[in-house]
Amino acid sequence: MIKKVIVTAIVISIYSASFSQILIKNPENGSSNYFGDLVKIELKDSLSIFHFDKKTNDSIAYKLNNNFFIQTEIDTSRLFLLRVKNIKTKPNEVNGYTYVIDFPPINRQAKIINIMYEEDSKGSWKAQPKNYITLLSNVEINQSSKSEIVEKTFSKNSFKKTLLDAKEQNKNILLYFTAGWCGPCKWMDRYIFSNKEVHNRITSDFITLKVDTDSQKGEKLRQIYSGEGIPNLFILNSDGYILKEKVGSMKINEFLEFLFIDNFTQPRKPNIISKKTINKDKGIGLRLGLVNNNINNLSNTKSRTGITIDAFYSIDYNRRYLIRTGLGFSSKGIDGLAINYLKIPFEFGYSIYKGSLFNLPGAVRLIGAPYYAIRLNKDRLGISNNDYGVRFGISPHIGDFNELEFEIYYEHGMNDLFNSIEGKQSNRSFGLSLSLSL
């Protein structure tokens, strides 16, 4: 009877142990110049075990000490290194070795692990805070389903609709300022807002609004809720008054604590900027392009593709309105006949979209540009010495102070190029250009 109990206990312990361990092979973001390649992680109830493969004979494994620790996105707890073991030289290889390091067990709900180093302060003040250096960041230990959960967590309604919903449902508002180029925002989306506990808490207790700071809506709301950076989170009451504010990324426990509002919290009226500020962004730039031109009412002719080169000076008002002028060279004409011009454009631009393009601040402009051009190749008799007309284009661009802009346009010449030929012959062009302004 005793033997059966012992055998049963051993079987149960082996069975439970086999199911209490999580094994991750070749985790994402597991390569480090310092540690080598992280080839395997074993997550047990009693230990977190990391297996490394070092491709050089650098004896880093011998340098590891209890100043090294791991941390997850769950909280700020530091789990310090316990031991280094199983240091082995790779068989049949001159360089490299493998080793294993043990840390205390982690929260099984975690999605990522960071391996960090606690460095003693070098200042003379003994109580000076320590420095923390991240040596291996965001090692994936659980697959995150960011897109579905995050899209369900935050709405993109108007601010007016958000206030109405908050009043109707008697809830506070969680206002989230973000941007496509913001790394900490992406980290929050992927690892914090995708957490089911966080998602459930937000959707049950709050009316949400997610705003791109580079968009027109974001700019207007920033006139009311100004912040020092992003991610920037506000908790508002249904009247739009501020209950709490936080700038920067947070761990899960920090974020859940941020969501808690006690009865003593006093609403604060936002600092509404009554006078709209006008920001001027001045710049100089260079534009290169190709233009395909034909002359209308000129029979039996084929179009010609030439080049354009422009140097310009621009003023951008609030990344909404653009004024730009300068000097440019344009080679037009028809097949077999090049007509080269010195152009003086005067461009007006209006941004029909403002937000993020390719994960950078960007916009899409409509361009209208009257121009005057002087013909350079005087040897062509019978051709007018000048041209004038207007260009219409659309131009997406990325960047804030320095811009990279692509434009596709149609140029409509209005001058009669050949007075000696019956009818009006004028330039008609389609073009592409790429410009950089500083």
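This is a predicted model: local features need pLDDT of at least 70, side-chain atom pairs count only at pLDDT 80 or more; totals for chains, interfaces and linings use all residues.
1. A salt bridge, as the term is used here, is a side-chain nitrogen of Lys or Arg within 4 Å of a carboxyl oxygen of Asp or Glu.

2. Asp102 takes part in two of the pairs considered here. With Arg83, the side chain of Asp102 meets in a salt bridge at 2.9 Å, N to O, and this pair links distant parts of the chain, since Arg83 belongs to strand β7 (residues 83–89) and Asp102 to strand β8 (residues 97–103), 19 residues apart. With Lys85, the side chain of Asp102 meets in a salt bridge at 3.0 Å, N to O; Lys85 lies in strand β7 and Asp102 in strand β8, so this pair ties together parts that are 17 residues apart in sequence.

3. Because Glu347 lies in strand β18 (residues 337–357) and Arg324 in strand β17 (residues 321–334), the pair ties together parts that are 23 residues apart in sequence. Glu347 counts as buried at 1% relative accessibility, and Arg324 counts as buried at 3%.

4. Glu347 and Arg324 also belong to a network of salt bridges.

5. Helix α4 (residues 159–169) has Phe159, Thr162, Leu163, Asp165 and Ala166 as buried residues. Seen down the axis of α4, its buried residues fall within an arc of 165°, so they line one face of the helix. As background, an α-helix has 3.6 residues a turn, so residues three or four places apart point the same way. On the other side of α4, Lys160 and Glu168 are exposed.

6. Which elements are included in what covers the buried residues of α4? Among them are the strands β11 (172–178), β12 (206–212) and β13 (232–236), together with helix α7 (216–222). After α4 comes Asn170, whose phi is positive, near 55°.

Key:
Residues are numbered from 1 along each chain as its sequence is written. Side-chain values use heavy atoms; hydrogens and water are left out. Buried means under 20% relative accessible area, exposed over 50%, partly exposed in between (1.4 Å probe, protein chains only). Helices (H or I, at least four residues) and strands (E, at least two) are DSSP runs, numbered from the N terminus. The arc is that of the directions from the helix axis to the C-beta atoms. Contact means heavy atoms within 4.5 Å.
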